[in-house]
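Work through the exercises below with the sequence and the model at hand. Each task is followed by a stepwise solution.

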Amino acid sequence: MAGFLWMRLAILVFVAAAALHPQRSLASDEDPLQDFCVKDTTQKLHVNGFPCKDPAQVQASYFASDSLKKPGNASNALGVAVTPANVLTFGGLNTQGVSAARIGFAPHGINPPHVHPRAPEILFLAKGMLLVGFVTSTPDNKLFAQTINAGDLFIFPRGLVHFQLNVGYGAAVAFCAFNSQNPGTSQVVKALFASTPPIDDAVLEKALQLNAADVQRLRSLISKT
Ligand SMILES: *[C@@H]1O[C@H](CO)[C@@H](O)[C@H](O)[C@H]1NC(C)=O
């Protein structure tokens, strides 16, 4: 009986602690348990993150990456090129809880509404002018949007739908940082209209109050972006 009570008390304390400190467990990646854990791509282990290379084999170059040096190719329908430097492309980031990206915008280019489920994003605009914004969670769905210029920073809170539109005269270039080695990206429109396999038409028709022809039209438009 006493054991049962203790167990109930322990569960109560655990639930209360989780409710009082939601950010502590959710705000960023797990803390590392060693100086570094450079990603070892040879091991086929399924762990949270990636296994470590033997530290004796690790060289300085594993902590360097030139992946953001070159502009991506923004000659596409959206006029945007996102180049990530996350743990998938830069093994030295494994367990460090940070990553970066470069976003190149053609004139009038758009980085369409999307979400990073695992990290906030801080954007530094190196060149050009952007209209940036994010929308708070439901029920408010409040838009915070702002025009930013070269040299400005903007923070997109974790997990909220956000976008960037090039409203300047020429191209624009931004660099972004995340407090996750792998923030993830979920494109809102692609998730709805370009999933594999497709979401049942009945779901989209009812949820968005569209007819079958509208859904087909949107599917074909989205598949081209
Ligand atoms: C950029 O992409 C476009 C469209 O795919 C292609 O025609 C063009 O050659 C590419 N430019 C470079 C520099 O790769």
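**Exercise 1. Find what share of the contacts with a separation of 6 or more joins residues 24 or more positions apart.**

Step 1. Contact means heavy atoms within 4.5 Å. Among contacts in the protein with a separation of 6 or more, 68% are between residues 24 or more positions apart.

Step 2. Note the basis of the values: this is a predicted model, in which local features need pLDDT of at least 70 and side-chain atom pairs count only at pLDDT 80 or more, while totals for chains, interfaces and linings use all residues. Residues are numbered from 1 along each chain as its sequence is written, and side-chain values use heavy atoms, with hydrogens and water left out.

Step 3. The protein has 5 helices and 10 strands, taken as DSSP runs numbered from the N terminus (helices H or I, at least four residues; strands E, at least two). Of its 225 residues, 29% are buried, where buried is under 20% relative accessible area, exposed over 50% and partly exposed in between (1.4 Å probe, protein chains only).

**Exercise 2. Locate the disulfide and describe its two cysteines.**

Step 1. A disulfide is taken as a pair of cysteine sulfur atoms within 2.5 Å. The structure holds 1: C37 and C52, with sulfur atoms 2.1 Å apart.

Step 2. The pair links distant parts of the chain, 15 residues apart, and both C37 and C52 lie in the loop between helix 2 (22-26) and strand 1.

Step 3. The angle about the S-S bond is -100°, a left-handed link.

Step 4. C37 is buried at 2% relative accessible area, whereas C52 is partly exposed at 32%.

**Exercise 3. Describe the largest pocket and its lining.**

Step 1. A pocket is an open set of points on a 1 Å grid over the protein atoms alone, where a 1.4 Å probe fits, with protein on both sides within 12 Å along at least five of seven lines; lining residues have an atom within 4 Å of a point.

Step 2. The largest pocket holds about 570 Å³, the volume being the space filled by probe spheres set on the points, which are joined across faces, edges and corners. Its lining has 24 residues, and D29, E30, N48, G49 and Q181 are the closest to the centre.

Step 3. The lining of the largest pocket has 8 nonpolar, 11 polar and 5 charged residues. Here Ala, Val, Leu, Ile, Met, Phe, Trp, Tyr, Cys and Pro count as nonpolar, Asp, Glu, Lys and Arg as charged, and the others, Gly among them, as polar.
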